[in-house]
Amino acid sequence: MAGTDLISTFDALLADLDGVVYAGPNAIPGAVESLRRLAGIGVGLGYVTNNASRTPAQVARHLRELGAPAEDHQVVSSSQAAAALLASLLPAGAPVLITGSAALAREIDLVGLVPVRSAAGNPVAVVQGFSPDIGWKDLAEASYVVAGGALWVATNTDMSIPQARGIAPGNGTLVAAVAAATGRTPLVAGKPQAPLFHTAAKRLAADRPLVVGDRLDTDILGGNNAGFATVAVLTGVDTRESILAARTVERPDFVIRNLTELYLPYPAVEYDAGRFRSGSASAIVRGQSVHISGDPADLDSWRAACSAWWAANPETTSALAPVVEWLDH
């Protein structure tokens, strides 16, 4: 069905990395091939990542090693966003405590600020980003400076990060430790804030980008905040159940299993007499329950359920999970 696949109505794909393209060092099955197909149909490609542990050039190199198309300028990182935010708030040459990687320090240096590694450097700000090498002493040093009144910027607050062995603590858990110790809250530069997505779209001269991610609280919320269409994939953190329960601002426009399904037609959900239909599946809400006629393994069942539940609960500020009842079909 040429021209009817999901991606064909967009001019660019803005892809998250962890949990979408790869998990740890390994590519997610089908992801690389799906990304390589984009050029052939005239769809631009940008990568939007909250992982501040590597430079955009290092990220692009890793992607190329996996076989994915990636030039340095196609990668927009939360470390770049944090550096830009600090540069807008501080005078040139101001010392900034780095709680994170050498890649984060480089971005701070590139915007004319001075990276330091301890309170002895008299920092006026702290920037905190993920690094697998961060230890207690690093968090303690950040806490001393933050408690002293310094400006505090976090690259991102992802609470977890997909790795080859499973789900591991992300930068948000490390930020939470400093917040618990100091009673303060940082400014957040990366996802789910909109500028990261706008920067990526601008680099690609894209008017109709599609944001794809595995996390509702960063990728989908961020894409929604930017005013872009969003699609959730099931290769990372969030699941069919958590997407169904999503609060209003974190609801995606589309749900697919993985990036290969960008090239499949996306079923229109139809509404008739209280029942929502997607493909051969349908769902109806009764009280706090969603009754689904369909196969639990069929994603159309969950698409119908999401449409029904979200229509019945249009404004929720916290996750709200229904009781799911499966009916014969």
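User: Which element gives the most to the lining of the largest cavity?

Analyst: Strand β10 does, with three residues. Helices (H or I, at least four residues) and strands (E, at least two) are DSSP runs, numbered from the N terminus. This is a predicted model, in which local features need pLDDT of at least 70 and side-chain atom pairs count only at pLDDT 80 or more, while totals for chains, interfaces and linings use all residues. Residues are numbered from 1 along each chain as its sequence is written, and side-chain values use heavy atoms, with hydrogens and water left out.

User: What makes a space a cavity?

Analyst: On a 1 Å grid over the protein atoms alone, a cavity is a set of points where a 1.4 Å probe fits but cannot get out, and lining residues have an atom within 4 Å of a point. A search of the whole structure finds one cavity of 30 Å³ or more, and about 140 Å³ of space lies in the largest cavity. That volume is the space filled by probe spheres set on the points, which are joined across faces, edges and corners. The lining has 15 residues, and D18, N51, D158, S160 and I161 are the closest to the centre.

User: How do the residues of the lining divide?

Analyst: Three are nonpolar, seven polar and five charged. Ala, Val, Leu, Ile, Met, Phe, Trp, Tyr, Cys and Pro count as nonpolar, Asp, Glu, Lys and Arg as charged, and the others, Gly among them, as polar.

User: Why is the pair of D16 and K191 called a salt bridge?

Analyst: A salt bridge needs a side-chain nitrogen of Lys or Arg within 4 Å of a carboxyl oxygen of Asp or Glu. The N to O distance between D16 and K191 is 2.8 Å, so the pair meets the definition.

User: Are D16 and K191 buried or exposed?

Analyst: Buried means under 20% relative accessible area, exposed over 50%, and partly exposed in between (1.4 Å probe, protein chains only). D16 has 7% and K191 has 1%, so both are buried.

User: What makes a set of residues a nonpolar core?

Analyst: The set must consist of buried Ala, Val, Leu, Ile, Met, Phe, Trp, Tyr and Cys residues joined through side-chain atoms within 4.5 Å. The largest has 33 residues, and those touching the most other members include L13, L35 and Y47. A second, separate core of 27 residues includes A94 and F197.

User: Which residues does L35 touch?

Analyst: Contact means heavy atoms within 4.5 Å. Not counting residues up to four places away in sequence, L35 touches L13, V21, L45, Y47, A68, P69 and L259.

User: Why is P56 called buried?

Analyst: The relative accessible area of P56 is 7%, so P56 counts as buried. P56 is in helix α2, and among the residues that P56 touches are D72 and E107.

Conventions. 1 Å grid on protein atoms, 1.4 Å probe; cavity = no way out; pocket = protein on both sides within 12 Å on 5 of 7 lines; lining within 4 Å.
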